[in-house]
Amino acid sequence: MFKVKYFEYIRTSAVIVIALAIAFLIISLVSNQPVKTIGIFLLEPLSSKGHIGNVIEMAIPLMFTGLAVSLLFRANMFNLGAEGIFYFSGVVTSVLAIHLTLDGWLHPMVAIAAGSIVGALLSAIPGILKAKWNANELVTSLMFNNILFGVGLYLLNYHLRDAKAFANVSYKFEKTALLSKMVSGTRIHTGLIIVIVLIIAAHLFLYKTKWGYELRMTGINRDFARYSGMKTAKVIIGGLRRSAGDV
């Protein structure tokens, strides 16, 4: 019998293959040396220790965001506001990383916690609208995505931007706010350990706790979950808040 897990593997592989095929097609249309260009596209990120480190470093925020979205998918919800929440929470974290001074590991933990709390509170708004008035979370989260991204960009441009820099970047963080590097010669930092711990914690939450069971049952059949005595409105709001906390 064909198992669902095999379908998930095939679907994920198909998405990757289709994305690569489209990329290769575009490269072939715009490059005079498409084969060489495609080879660089595939192999250059793995050609040196520093390049591999750059790939891993850039993947860490995507891992946080993917983890957050996966929790929502389990509740059969979709949130198009992850980018805006991530950006705005990053601005909040940056404010504390620039203007706050704390000792050692406490500084980055406080900054990260503050950004997570702000993201969770903001993400609860579409959750409340969905749970109380059945407002489509795709529409409300998309609206909040644009609003949060715009407000975050305003704060960066007019309050945090380093005028001496030739790019749209903030002032430098305090050294105590920086996460420690894990691998010499790269920029891989301890955020990788944090996201791995959160992935394990999310798995345990979903499959080993009562709240995770309620989240999954609400996603499978909200009416059945309600008739079984589950407070689905609370589950929906909680799921959105937990996902934003991970972002």
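A residue is called buried when its relative accessible area is under 20%, exposed when over 50%, and partly exposed in between (1.4 Å probe, protein chains only). By that rule, buried residues make up 32% of the 247 residues in the protein chain. This is a predicted model, in which local features need pLDDT of at least 70 and side-chain atom pairs count only at pLDDT 80 or more, while totals for chains, interfaces and linings use all residues. Residues are numbered from 1 along each chain as its sequence is written, and side-chain values use heavy atoms, leaving out hydrogens and water.

View 1. The protein chain has 10 helices and 0 strands. Here helices (H or I, at least four residues) and strands (E, at least two) are DSSP runs, numbered from the N terminus.

View 2. After α5 comes N134, with a positive phi near 55°.

**View 3. The largest nonpolar core.** A nonpolar core is a set of buried Ala, Val, Leu, Ile, Met, Phe, Trp, Tyr and Cys residues joined through side-chain atoms within 4.5 Å. The largest one has 9 residues: L67, L71, L72, A75, M77, A202, F205, L206 and L215. Helices α3 (49-74) and α7 (191-208) each supply at least two residues of this core. Another core, of 5 residues, lies apart from it and includes F64, I188, L192 and V195.

**View 4. A salt bridge between E57 and R187.** A salt bridge is a side-chain nitrogen of Lys or Arg within 4 Å of a carboxyl oxygen of Asp or Glu. A search of the whole structure finds 1. In the pair E57 and R187, the closest N and O atoms are 3.5 Å apart. E57 lies in helix α3 and R187 in the loop between α6 (137-160) and α7, so the pair ties together parts 130 residues apart in sequence.

**View 5. S89 in helix α4.** S89 is found in α4 (residues 82-99) and is buried, with a relative accessible area of 7%. Leaving aside neighbours within four places in sequence, S89 is in contact with G115, V118 and G119, contact meaning heavy atoms within 4.5 Å.
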